[in-house]
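Let's walk through this model together, one question at a time. Please have the structure open as you read.

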Amino acid sequence: MANTYAPVPDYRIEGFEAATERIEEGFLSLTLSDDMFVPLAEHHSPDGRDTYLLLYDRAAIWGIPGMAEYVSLHITRDIEQRTFDFEYESHPVIPLAQNWLIRQGCPAESAELSNNHGPRPADALTARLDDLLRANPDDRYKVIDHYTHNPSSFDFGLEVRTLVYDSHPGSASAPYRLFLEETTKDFRSYTVREGAFATAEAADIWAMEQSTPLPLAPAPQGTVGLRAEAARACSTVKAGSLAVAPPPVAPPRSTAAAPAPPRRSAP
């Protein structure tokens, strides 16, 4: 587990002012409780104009049920005017947060996690699906829904469901893909599985009930003979959970308490 007393993010805006009043208000709102942010990756451009941060928001478990727990932040500076601007997005899983940073201009290697104390991929299929979400080749995946189930208890693991629309021609018959991340309760490892559905409604029904195994998508290239293992790994969700603060950087995954329906993300 990572150190609970993590440092606050290094924004590097000392001596800079927000470019506008709206930017100042927005940045103050975002960072109001930044003592709850755990930095997972950061990059500062050599010319001092850009900072990229990947943060875990420990306060998310006390927010809207199901809300995403990762924040990607890009700060841009006008060196001559001594002003700054910023953009950010919340993400349900780390690979999507990394993808956003990379598209903002962060070097891919710098988006890798500098904190290596969290759970590790349990198998090759998990690692491959993480890579697909991180790369999102040709913008094939569009996130339309997500739900993070974090019971805040060491008695259960964590679960994240991310529903995407897959525009790849090979997925035309079942373009709605549900990426299911599950972390063991000891936070040592996690699995990712990709379910395939013809409609978003079908994916929602499965997520609410989870009474049958996840209808798995064909394994991506580079994984062989893992379908049976994946099917065995997709168990139903157990009931029960209560609140104790979770490990600070444990990614939200697992077969945890009573399933809740996916939350429609804000546009």
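Q: In strand E10, which residue is the bridge partner of Pro 121?
A: This is a predicted model, where local features need pLDDT of at least 70, side-chain atom pairs count only at pLDDT 80 or more, and totals for chains, interfaces and linings use all residues. Residues are numbered from 1 along each chain as its sequence is written, and side-chain values use heavy atoms, without hydrogens and water. Strand E6 (residues 120-121) pairs with E10 in the parallel sense over 2 bridges; strands are DSSP runs of at least two residues (E), numbered from the N terminus, and pairing takes at least two DSSP bridges. Within E10, Pro 121 has as its bridge partner Tyr 190.

Q: Which residue stands opposite Tyr 190 in the pairing of E9 and E10?
A: Strand E9 (residues 176-183) runs antiparallel to E10, with 8 bridges between them. Opposite Tyr 190 of E10 stands Thr 183.

Q: Which residue in the turn of the E9 and E10 hairpin has a positive phi?
A: The hairpin leaves 5 residues between E9 and E10. The positive phi, about 60 degrees, belongs to Phe 187.

Q: Why is E10 largely enclosed by the rest of the structure?
A: Strand E10 covers residues 189-197. Buried means under 20% relative accessible area, with a 1.4 Å probe and protein chains only. E10 is largely enclosed because the buried residues number 8 of the 9.

Conventions. Buried < 20%, exposed > 50% of the residue type's maximum accessible area, 1.4 Å probe, protein only. Helix = DSSP H or I, 4+ residues; strand = E, 2+ residues; numbered from the N terminus.
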